[in-house]
Each structure stands twice: as structure tokens, then as C-alpha cells.
Amino acid sequence: MPRRRTTDFTRDIGVDPRFQSFLVQKMINYIMERGKKNIARRIVYDAIDILTTKSNGDERKGYELFEKAIMKIKPAVEVKARRVGGSVYQIPTEVRSTRALALSLRWIIQSAAARSDKTMGQRLASELFDAVEGRGNAFKKKSDVHRMAESNRAFSHYAW
């Protein structure tokens, strides 16, 4: 039990100006470094524009692909280390929705940064498109986490 009080307050980050979406704003905030929000916006909007051209549709199609990619990367379970009787067990636990979103955005950004395309917008678009199709490093990371939780299912009774 934590000794400090827990707060139910979460800071409202608002919505982005172009799509009026909380999800896009969250991605922009995750990409932003050193307060350079316009650069982060340009990266995310370039990625959504590339998704739009790949889907041969209007801007809504690109945004829908963006949403679909993030939902496909969200993990449902993860493992947490717990020390029981001198040994450490990896215990599978359910992931809260806010943490699942944070993990999915982090995995997508890390996987995109590791790619070798020319700009970060192109890298992000490629990673998002791969996530929609069920491949790419971010999707692999999610499946690895799920596989780890599945293999440690026998220790789930230690979760209390």
C-alpha cells in the first residue's frame, strides 16, 4: 500500500488542431523533444499524410489507419516481476487502458526511430502501416509480451 494519497486527477492535454483527436495529440506529445511541438506535429501529420496516400483515400482514411495501427499494438497483458520466497517470478497481469496506450505509442516511436527511411515522418508512416498489416517491430514487441505472459501463466496465482 502506498503511503501517499493517490489522486484521480489526470491532466487534460486537449486535442490536436487538425483532426480534433486526443490520440493524435498524445502521439505528438510523445514524439516532442525539448519542447519543439511544431516539429513533432509536422512529423505526425506527415506520417498521416503518407498513410492517406497509401490508402488512396481522403484524410479520414489516413486517420483511421493511424487509429487502427495504435489499437493493434495495444497489449492486453504484460508480465511483472514479483519476489516470492527468495525467487523472482514473472507474473502475467492485465494492462490498464492508459498504460496500454502509453506502451503502444512508445513501442511505435522506438520502432520507427530504429528504421532507416529518410525522415522521421516516413519512418513513422512505415511503422504504422506495418502495424495495420500485423508486422513490424512494434507488432513483434507486442506479440513477444503476450507470448511471455502466456508462458508464465502458471504463476498467475501469485498475483495478489
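Biologist: Why is Ser111 called buried?

Modeller: Buried means under 20% relative accessible area, exposed means over 50%, and partly exposed is in between, using a 1.4 Å probe and protein chains only. Ser111 has a relative accessible area of 8%, so Ser111 counts as buried. Please keep in mind that this is a predicted model, where local features need pLDDT of at least 70 and side-chain atom pairs count only at pLDDT 80 or more, while totals for chains, interfaces and linings use all residues. Residues are numbered from 1 along each chain as its sequence is written, and side-chain values use heavy atoms, with hydrogens and water left out.

Biologist: Where is Ser111, and which residues does Ser111 touch?

Modeller: Ser111 sits in helix α4, residues 97-113; a helix here is a DSSP run of H or I, at least four residues, numbered from the N terminus. Contact means heavy atoms within 4.5 Å. Leaving out residues up to four places away in sequence, Ser111 touches Glu127, Asn137 and Ala138.

Biologist: What makes Phe19 and Tyr63 a stacked pair?

Modeller: Rings of Phe, Tyr and Trp (its six-membered ring) pair if their centres lie within 6.5 Å; planes under 30 degrees apart count as stacked, over 60 as edge-to-face and the rest as tilted. A search of the whole structure finds three aromatic pairs. For Phe19 and Tyr63, the centres are 5.3 Å apart with 15° between the planes, which makes the pair stacked. Phe19 lies in the segment before α1 and Tyr63 in helix α3, so the pair ties together parts 44 residues apart in sequence.

Biologist: How do you know that Phe19 and Tyr63 are buried?

Modeller: By their relative accessible areas: Phe19 has 6%, so Phe19 is buried, and Tyr63 has 8%, so Tyr63 is buried too.

Biologist: What makes you say that the charged end of Arg18 sits over the ring of Tyr45?

Modeller: The rule asks for NZ of Lys or CZ of Arg within 6 Å of the ring centre and within 35 degrees of the ring normal. The charged end of Arg18 is 4.9 Å from the centre of the Tyr45 ring, and it is listed as sitting over that ring.

Biologist: Why is α5 described as largely enclosed?

Modeller: In α5, 11 of the 13 residues are buried, so the rest of the structure largely encloses this helix. The cover over those buried residues includes α1, α2, α3, α4 and α6.

Note on methods:
Helices (H or I, at least four residues) and strands (E, at least two) are DSSP runs, numbered from the N terminus.
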